[in-house]
Amino acid sequence: MEVKLWNDKREREMYENFAELYAIIKATEKLEKAYVRDIISSSEYETECQKLIAHFKTLAFTLKDTVPSIERFADTYKMDCPAAINRLVTSGVPATVEHRAAAAASTTTSAAIVAECVQNFITAMDSLKLNMVAVDQVHPLLSDLSASLNKLGILPPDFEGKMKMKEWISRLSKMGAADELTEQQARQLHFDLESSYNSFMAALPSAGT
């Protein structure tokens, strides 16, 4: 005995779309697992994933009234495809694209911090040349420099610049705001800044920056 799932052409088309949606979700789940297990190459994965995402978006738009929630659709048909739901619904782009974006963001962030460190080094050295030697003038500059150096992950904890700035900040903290560095202290601080700056610049190529 034949059992019809639809009563008219419209219902038949709806169920066919349901079947296609089911197939796309299942295929995406298998593709994600294959990529994680290194069964396929990144380029093959990305090409196929882009196709599945494009098909999914078109179909999801077509079914937006009958399938308002893809997650609920997956639960209804007991699909158990968390990786596919994440890729198709949450992310919307292949994992390879996400990784490239993350790497680019990381590079951009590092470049911005390097630029910030350079600016803080130069500002501190220029201020000393302009005879800005009062504690309340010098302390903020060294604090900014120290903070920017600590944000840069490529520098080790015992990096010369970090250690010297920490020592100077500690020394200045014990002085009054209106106190001024002696000529000898100012000269030593400038020397330490210049030495740390040179070490900083030398560290960048070896860190791949």
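1. By class, how many nonpolar, polar and charged residues does the lining of the largest pocket have? The lining has two nonpolar, three polar and three charged residues, where Ala, Val, Leu, Ile, Met, Phe, Trp, Tyr, Cys and Pro count as nonpolar, Asp, Glu, Lys and Arg as charged, and the others, Gly among them, as polar.

2. This is a predicted model, in which local features need pLDDT of at least 70 and side-chain atom pairs count only at pLDDT 80 or more, while totals for chains, interfaces and linings use all residues. Residues are numbered from 1 along each chain as its sequence is written, and side-chain values use heavy atoms, with hydrogens and water left out.

3. The residues that line the largest pocket are Arg 10, Glu 13, Met 14, Asn 17, Thr 62, Leu 63, Asp 65 and Thr 66, and helix H1 (residues 9-36) supplies the largest share, four residues. The volume of this pocket is about 160 Å³. A pocket here is an open set of points on a 1 Å grid over the protein atoms alone, with protein on both sides within 12 Å along at least five of seven lines, and lining residues have an atom within 4 Å of a point.

4. The search of the whole structure finds one cavity of 30 Å³ or more, a cavity being a set of grid points where a 1.4 Å probe fits but cannot get out. Among the residues lining the largest cavity are Ala 124, Leu 128, Val 138, Leu 142 and Leu 193, and H5 and H6 are the elements that give two or more residues to that lining.

5. Ser 148 lies in helix H6 and counts as buried because its relative accessibility is 0%, the limit for buried being under 20% relative accessible area with a 1.4 Å probe and protein chains only. Leaving aside its neighbours within four places in sequence, Ser 148 is in contact (heavy atoms within 4.5 Å) with Ile 113, Glu 116, Cys 117 and Asn 120.

Methods
Points joined across faces, edges and corners; volume = space filled by probe spheres on them. Buried < 20%, exposed > 50% of the residue type's maximum accessible area, 1.4 Å probe, protein only.
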